[in-house]
Amino acid sequence: MKVVFIQKKWFWLLAICITLSAGAWYTAKLAAVETAGSSPPVKEFKINMVTGEFKSTTDDGKEIEAYRWDPGTIYVPKKQPVKLSIYGVNGKAHPFYIEGTNIKGTVKKGEETVLELHFTKEGIYRLICKTHLDIEHNGPMIAYIVVD
Ligand SMILES: [Cu+2]
């Protein structure tokens with residue numbers, strides 16, 4: 001058997017190195033545990049929208065207006081549940097549907113309508129108000145849902 005003798009000062013230096021390494025490892029481990037423990041639970045993805053109105057008068061005195069979904073374009077990840085909250089601000093009622101889905105409803109003034117969306121295919125889906133469909137009917141009140 002081979003015995004290795006080390007000088008006292010090297011022994012202490014080695015002891016200090018081991019202590020510091022252990023301390024660093026323990027601190028790193030603690031930090032990792034804390035991070036995992038304090039990470040928030042998976043947050044729900046909610047998008048907020050309101051109904052708005054543009055109003056103006058032309059040079060010949062004609063009043064024109066258009067109802068809008070605001071924002072007019074939203075981005076939604078596919079295969080992920082998303083809540084779309086629509087608050088009715090302008091306009092009494094907006095009966096709507098989302099093209100290519102079976103989602104429909106009515107947004108009423110002063111009320112929040114919450115839609116549970118879960119798109120599986122990418123594409124651009126139109127949120128269409130049936131009352132304010134085009135320019136002739138104070139629209140077009142169409143929002144674009146971009147699923148990617
Ligand atoms: Cu409308």
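This is a predicted model: local features need pLDDT of at least 70, side-chain atom pairs count only at pLDDT 80 or more; totals for chains, interfaces and linings use all residues.
Biologist: What is the order of the five strands in the open sheet?

Modeller: Strands of a sheet pair through backbone hydrogen bonds, either parallel or antiparallel. Strands are DSSP runs (E, at least two residues), numbered from the N terminus, and two of them pair if DSSP finds at least two bridges between them. Here the order is β3-β9-β8-β5-β6, with mixed pairing. Because β3 (73–76) and β6 (104–108) each have a single partner strand, one side of each lacks a neighbour in the sheet.

Biologist: In which sense do β8 and β9 pair?

Modeller: Strand β8 (residues 123–129) and strand β9 (residues 142–147) are antiparallel, over six bridges. Tyr 125 has Ile 145 of β9 as its bridge partner.

Biologist: Is Ala 143 buried or exposed?

Modeller: A residue is buried if 20 or more other C-beta atoms lie within 10 Å of its own, exposed if 12 or fewer, and partly exposed in between, with C-beta atoms placed from the backbone. Ala 143 lies in strand β9 and is buried, because 21 other C-beta atoms are within 10 Å. Ala 143 and Arg 126 are 17 residues apart in sequence, yet 5.7 Å apart in space, C-alpha to C-alpha.

Methods
Residues are numbered from 1 along each chain as its sequence is written. Helices (H or I, at least four residues) and strands (E, at least two) are DSSP runs, numbered from the N terminus.
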